[in-house]
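Student: I'm new to this one. Could you walk me through how to read it?

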Amino acid sequence: MRVPIKVRYAETDQMGVVHHSAYVVYLEAARVELLEKAGLPYHELEAQGLFFPVVELSLTYRKPAHFGEVLEVEVRLLELSPRALSFSYRVLRSGEVLAEGRTRHLCLVQGKAGRMSPALLERLRMIQSG
């Protein structure tokens, strides 16, 4: 899935180049949108006591993005287990790869490390298979 992101002025430095920290926000926006489109709005998961904090993050920057550009963040569910999940990302401008990344998330149930329900795992597997 691809999610459009328009670069805002506040996300750039004095030269109009996107600051490296803004990419983390872009990844999160794409991940939340993927879950929303799959019928798993993150706020509803949280209301059920389920949280998926980021426990690992990697980003490789290839080319800069600039103020006013419209980017696309390509996101996919990469790995899935009852206790954790991982997403991969590509940040694109007109098909050109600007950055690539990955996040790993632990499943917390009522604030403690736990397992996802079989029903939730099945819904996530549907996302993973496309």
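Predicted model: local features only at pLDDT ≥ 70, side-chain atom pairs only at ≥ 80, totals over all residues.

Tutor: Residues are numbered from 1 along each chain as its sequence is written, and side-chain values use heavy atoms, with hydrogens and water left out.

Student: How many helices and strands are there in the protein chain?

Tutor: Helices (H or I, at least four residues) and strands (E, at least two) are DSSP runs, numbered from the N terminus. Here you get three helices and eight strands, and along the sequence they come as β-α-α-β-β-β-β-β-β-β-α.

Student: What does the radius of gyration say about the protein chain?

Tutor: The radius is taken over C-alpha atoms, and the globule rule is 2.2 Å times the number of residues to the power 0.38. For 130 residues a compact globule would come out near 14 Å, and the protein chain has 15 Å, which agrees. Its C-alpha trace spans about 45 × 30 × 20 Å along the principal axes.

Student: Which residues are buried in H1?

Tutor: Buried means under 20% relative accessible area (1.4 Å probe, protein chains only). In H1 that covers Ala 22, Tyr 23, Tyr 26, Leu 27, Ala 30, Arg 31, Leu 34 and Leu 35. Across the protein chain, buried residues make up 38% of the 130.

Student: What follows H1?

Tutor: Gly 39, with a positive phi near 80°.

Methods: Buried < 20%, exposed > 50% of the residue type's maximum accessible area, 1.4 Å probe, protein only.
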